[in-house]
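Look over the sequence and the model before reading on.

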Amino acid sequence: MAFCISCGQMQVDGTRFCRFCGGQQPGDQLIARLRMEAEAIRFHLQQLQAQQAQQMQQFGQQQQNQGNRW
Ligand SMILES: [Zn+2]
């Protein structure tokens, strides 16, 4: 199942041109490339989130230490 990249209507798999708006649909190679880019972005986001979680943990520990001192 695929969706038109210009109008969003549902397309039959393997369609070259949208039957609603006539827009050309991406080929398998383009889709594969987009998928790889999406994977890379998701990986990058996961790393960012992991970093943020680590920083939050460190921040929480610092606050705890300060709490013990007082
Ligand atoms: Zn379309």
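Q: What pLDDT does the protein chain average?
A: The model is predicted, and 97% of the residues score at least 70. Confidence is lowest in strand E1 (residues 2-3), at a mean of 86, and highest in strand E2 (residues 10-11), at 90. For the protein chain, the average pLDDT is 89.

Q: What pattern does the protein chain follow along the sequence?
A: The protein chain contains two strands and one helix. Read along the sequence, the pattern is β-β-α.

Q: Is the protein chain a compact globule or more spread out?
A: For 70 residues the globule rule gives 11 Å, and the radius of gyration of the protein chain is 23 Å, well over that value. The C-alpha atoms fill a box of roughly 70 × 20 × 15 Å along the principal axes. Because its radius of gyration is well over the rule, the protein chain is, compared with a compact globule, more spread out.

Q: What share of the 70 residues in the protein chain is buried?
A: A residue counts as buried if 20 or more other C-beta atoms lie within 10 Å of its own. In the protein chain, the share of buried residues is 3%.

Q: How far apart in space are Gln-52 and Ile-41?
A: In sequence, Gln-52 and Ile-41 are 11 residues apart. From C-alpha to C-alpha, their separation in space is 16 Å.

Notes
Residues numbered from 1 in each chain as written. Predicted model: local features only at pLDDT ≥ 70, side-chain atom pairs only at ≥ 80, totals over all residues. pLDDT = per-residue confidence, 0-100. Helix = DSSP H or I, 4+ residues; strand = E, 2+ residues; numbered from the N terminus. Rg over C-alpha atoms; globule rule 2.2 N^0.38 Å. Buried ≥ 20, exposed ≤ 12 C-beta atoms within 10 Å, placed from the backbone.
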